[in-house]
Amino acid sequence: MQTSYEVVKNALNFTGPDRLPMDYPIYGDSDFRWVGWNQIGTGGNSQGNTLDEWGCTWSRSEVENMGLVTGHPIDDWAKLDSYRWLDPDDPALYEGMEKRFEGCEGKYIFTGIFALLFERLHHLHGFENTLVDLYLEPEKIEYLLDRIMEIDIRIIENISSRFPGRIHGLNFSEDWGTERSTFISVPLFDQMFKPRYQKIFDACREAGWDVWMHSCGKINDFIPSLIDVGVSSLNMFQPNVNGIEEIGRQFAGKICFHTCCDIQTTLVSGTDEEIEAEAEKLVRLWGTPKGGFVAIDYGDFRAIGSTDHKKRVMYEAFLKSDPTAGKSCNNRKKS
């Protein structure tokens with residue numbers, strides 16, 4: 001029987017996991033563990049306003065949620081010279097990480113950098129400012145991108161040197177799309193972002209890490225470029241926006257998918273039967289008999305208007321849809 005680590009690696013590499021990998025800590029069924037450094041991220045979901053380590057202000061409504069950035073520390077280029085950049089070599093960022101490895105034996109271990117490159121860029125400069133200045137002030141945008149990239153790489157190097165061989169994957173968020181298309185064109189993406197992602201992911205590979213990327217929206221046009229630069233797995237929570245058949249036809253077997261049923265449609269208003277059908281369809285069309293699919297829970301079900309019942313239906317549907325079904329029924333180990 002394969003360990004959790006082996007199951008996940010075999011799914012990523014299309015080398016035959018002996019069961020469907022699961023990322024369902026809510027039900028005690030997860031092949032993964034998270035070992036984070038001391039980044040603030042969005043701050044507490046129940047707090048009205050928080051400040052992250054990059055100086056970005058996050059605001060939330062009365063409903064608990066991750067919030068959105070309302071304070072951008074470099075929203076005006078006049079603020080650039082006085083901006084204080086995060087120091088990735090500050091040892092305080094990594095204090096306490098050793099203890100977080102406890103209980104991770106046999107698991108696939110993630111660490112992460114929240115808002116890796118594009119998201120960090122517009123958190124700092126403002127979303128509208130960023131889209132406009134990609135055209136009007138490209139040299140200044142490239143300066144910001146290079147500084148962010150350099151900090152990301154140093155964080156990867158610092159974690160890797162402190163814990164060699166103990167982290168298996170970098171997990172990060174980069175929302176790149178609307179429900180119709182990507183925010184920018186493929187040529188602009190390939191010019192401004194692709195080479196910088198390449199350098200960050202090269203640092204991951206040097207550390208022995210896989211690359212796990214989340215992105216909302218219809219990012220289909222970017223997927224070939226993301227495969228080129230070494231993204232190992234894509235997490236997309238809106239498969240009906242992406243097109244389940246379309247993604248399967250173009251990319252099944254070329255990249256691993258780490259996903260769940262659609263968080264805007266199926267998990268909100270779908271019947272039990274519709275949830276079950278979509279889970280089966282995702283495993284069948286986005287995965288292959290040799291791997292390429294990891295089932296994941298969507299944690300904040302109240303924020304999307306779903307229920308614990310629907311989440312449970314989805315979880316059980318993924319178990320039933322395991323392509324190794326007959327031989328793997330006794331291989332599931334609860335965490």
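Ser 59 stands opposite Leu 68, a residue of strand β6. This pair belongs to a predicted model, in which three strands form an open sheet. The UniProt record, an unreviewed entry, places the feature "domain: Uroporphyrinogen decarboxylase (URO-D)" at residues 125-294.

**The sheet**

- The strands follow the order β4-β5-β6, and their pairing is antiparallel.
- At the edges of the sheet are β4 (49-51) and β6 (68-71), each of which pairs on one side only.
- Neighbouring strands of this sheet are turned against each other by 40 degrees on average, with direction ignored.
- Strand β5, residues 57-59, is joined to β6 by three bridges, and the two run antiparallel.

**The annotated region**

**Helix α3**

- Helix α3 spans residues 127-136, and its buried residues are Thr 130, Asp 133 and Leu 134.
- Viewed down the axis of α3, these buried residues fall within an arc of 115 degrees, and therefore they line one face of the helix.
- The face of α3 turned away from the buried side carries Glu 128, Tyr 135 and Leu 136, which are exposed.
- The buried residues of α3 are covered by elements including α2 (118-125), α4 (138-162) and α5 (186-192).

Key. Residues are numbered from 1 along each chain as its sequence is written. This is a predicted model: local features need pLDDT of at least 70, side-chain atom pairs count only at pLDDT 80 or more; totals for chains, interfaces and linings use all residues. Side-chain values use heavy atoms; hydrogens and water are left out. UniProt positions are given in the numbering used here, feature names are shortened, and annotations may be inferred rather than shown by experiment. Two strands pair if DSSP finds at least two bridges between them. Helices (H or I, at least four residues) and strands (E, at least two) are DSSP runs, numbered from the N terminus. Axes are lines fitted to C-alpha atoms, for helices over the stretch in contact, and angles run from 0 to 180 degrees between N-to-C directions. Buried means under 20% relative accessible area, exposed over 50%, partly exposed in between (1.4 Å probe, protein chains only). The arc is that of the directions from the helix axis to the C-beta atoms. Contact means heavy atoms within 4.5 Å.
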